[in-house]
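This report considers charged residues and their surroundings in one protein model.

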Amino acid sequence: MDTILVVDDDKDIRELLMILLQAEGYHVVEADNGQEALKRIDDATCLVILDIMMPKMNGIQTCIEIRKNNFIPILFLTAKGQEADKIIGFSAGADDYLVKPFSPSELMARVKALLRRHLVYQNKVNEITIRKLVINLDSKSVTIDGMNINVTPREFDILVLLASNQGKVFSAQNIYESVWKEPYFSISNNTIMVHIRNLRDKIDDNAKDYIKTVWGMGYKIE
């Protein structure tokens, strides 16, 4: 059973998250501030849902401390939804960002996607297969219908990100901050477009069957 640590100083929010997560079969551990959260993280923790505005130690500080020793997924759940706040959160080491108020369905979709990625990067899942596309995480190789496809390390990381979250739309900003681990600026969009175009050219002659553009939103693999 996956263990999720919920960190929020609002008792009502913690209780709501516990109800939603336990209904999906997850084991939930609670903390009401960052200092307590750091004490409760252990080897069983698979995901941290972290509020930003908390007493004693805020979410940004807590995230930075977690990242010193641990690479488990961190989902910021916060009322601070400005772009600058998101950049600060991602720069601190967050994997995803959900603004309050949130819908239960969106929360669970993000939780499940982050847990799938966690399994992939732990190599508990060493291969991702989508129809004729096979991504081997051990050898970092990509094949289409058994034929080897040469991709760069960045292209491979983008492909793994999209494929391990099949059906989820990633904006250029999501992709850049997840793969490059750097703040996103408008010029970064050109970098993502070039890498996506190169991936499409390499995967096969009908790449739209794999990497799809969702106009005005981003990219996904189905």
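Glutamate 106 is partly exposed, with a relative accessibility of 33%. Salt bridges with shared partners unite Asp96, Glu106, Arg110 and Lys168 in one network. The model is a predicted one.

Arginine 110 is buried, at 18% relative accessibility. Lysine 168 also pairs with aspartate 96. This pair connects distant parts of the chain, 72 residues apart: lysine 168 belongs to the loop between α6 (153-163) and α7 (172-179), and aspartate 96 to strand β5 (residues 96-99). Lysine 168 is partly exposed at 21% relative accessibility, whereas aspartate 96 is buried at 7%.

The whole structure holds eleven salt bridges, among them the following.

| Salt bridge | Closest N and O atoms |
|---|---|
| Arginine 110 and glutamate 106 | 2.8 Å |
| Glutamate 65 and lysine 68 | 2.9 Å |
| Lysine 168 and aspartate 96 | 3.2 Å |

Glutamate 65 is partly exposed, with a relative accessible area of 29%, and lysine 68 is exposed, at 56%.

Elsewhere on the surface, Asp9, Asp10, Asp12, Glu15 and Asp32 form a patch of negative charge. Aspartate 12 is part of helix α1 (residues 11-23) and is exposed, with 57% relative accessibility.

Isoleucine 203, in helix α8 (residues 188-203), is buried at 4% relative accessibility. Apart from neighbours within four places in sequence, isoleucine 203 contacts Ile144, Ile149, Leu159, Tyr210 and Ile211.

Notes
Residues numbered from 1 in each chain as written. Predicted model: local features only at pLDDT ≥ 70, side-chain atom pairs only at ≥ 80, totals over all residues. Heavy atoms only, no water. Patch = residues over 30% accessible without salt bridge, like charges linked within 9 Å, V, L, I, M, F, W, Y side chains within 5 Å. Areas by Shrake-Rupley, 256 points an atom, 1.4 Å probe, with all protein chains shown as cover. Salt bridge = Lys/Arg side-chain N within 4 Å of Asp/Glu carboxyl O. Lys, Arg positive; Asp, Glu negative; His and termini not counted. Charge placed at Lys NZ, Arg CZ, Asp CG, Glu CD. Helix = DSSP H or I, 4+ residues; strand = E, 2+ residues; numbered from the N terminus. Buried < 20%, exposed > 50% of the residue type's maximum accessible area, 1.4 Å probe, protein only. Contact = heavy atoms within 4.5 Å.
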